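Let us read a protein model step by step.

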Amino acid sequence: MPRLRPGGLVVLDNVFLAGRVFDPAYQEEHHLAMRRLNDAIVGDERVEAVMLPVRDGVTLARKR
């Protein structure tokens, strides 16, 4: 975040992991990591974020 200027955009692809991010039965490390990342983005007041349900999920986060 320190290297991203205000108004800068971060784009993350495949944030749904074929829907497995939403299913608690999937507990592999990459599923847990994506859940943590999604939660961190939502809870970070330095960014405005939107998660788009396009294909396997795209998150756009803009630094305030």
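**Reading the sheet, the rings and the charges**

Q: Where is the bridge partner of Ala49?
A: The partner of Ala49 is Ala61, in strand S3. Keep in mind that this is a predicted model.

Q: Which strands do these bridges join, and how many bridges are there?
A: Strands of a sheet pair through backbone hydrogen bonds, either parallel or antiparallel. Here 6 bridges join S2 to S3, residues 58–63, and the two strands run antiparallel.

Q: What is the order of the strands in the sheet?
A: The order is S1-S3-S2, in an open sheet of 3 strands with antiparallel pairing. Strands S1 (9–13) and S2 (47–52) stand at the edges. Each has a single partner strand, so one side of each has no neighbour in the sheet. On average, neighbouring strands are turned by 15 degrees against each other, direction ignored.

Q: What pattern does the protein follow along the sequence?
A: The pattern is β-α-β-β. That comes to 1 helix and 3 strands.

Q: How many aromatic pairs does the structure hold?
A: It holds 1 aromatic pair. The rings are those of Phe16 and Phe22, and the pair is tilted. Two values describe such a pair: the distance of the centres and the angle of the planes. For Phe16 and Phe22, the centres are 5.0 Å apart and the planes stand at 55 degrees.

Q: Is Phe16 buried or exposed?
A: Phe16 counts as buried, because its relative accessibility is 12% and the cut-off for buried is under 20%. Phe22 is exposed, with a relative accessible area of 55%.

Q: How many salt bridges does the structure hold?
A: Side chains of opposite charge can pair when their charged atoms come close. This structure holds 4 salt bridges. In one of them, Glu29 pairs with Arg36, with the closest N and O atoms 2.7 Å apart. Arg36 is partly exposed, at 49% relative accessibility. Another joins Arg46 and Asp44, 2.7 Å from N to O. Arg46 is partly exposed at 47%, whereas Asp44 is buried at 17%.

Q: Which parts does the pair of Arg62 and Glu48 tie together?
A: The side chains of Arg62 and Glu48 meet in a salt bridge, 2.4 Å from N to O. Arg62 lies in strand S3 and Glu48 in strand S2, so the pair ties together parts 14 residues apart in sequence. Glu48, Arg62 and Arg64 are linked in a network of salt bridges.

Conventions: Residues numbered from 1 in each chain as written. Predicted model: local features only at pLDDT ≥ 70, side-chain atom pairs only at ≥ 80, totals over all residues. Heavy atoms only, no water. Phe/Tyr/Trp six-rings, centres within 6.5 Å; stacked < 30°, edge-to-face > 60°. Buried < 20%, exposed > 50% of the residue type's maximum accessible area, 1.4 Å probe, protein only. Pairing = 2+ DSSP bridges. Helix = DSSP H or I, 4+ residues; strand = E, 2+ residues; numbered from the N terminus. Axes fitted to C-alpha atoms, helices over the stretch in contact; angles between N-to-C directions.
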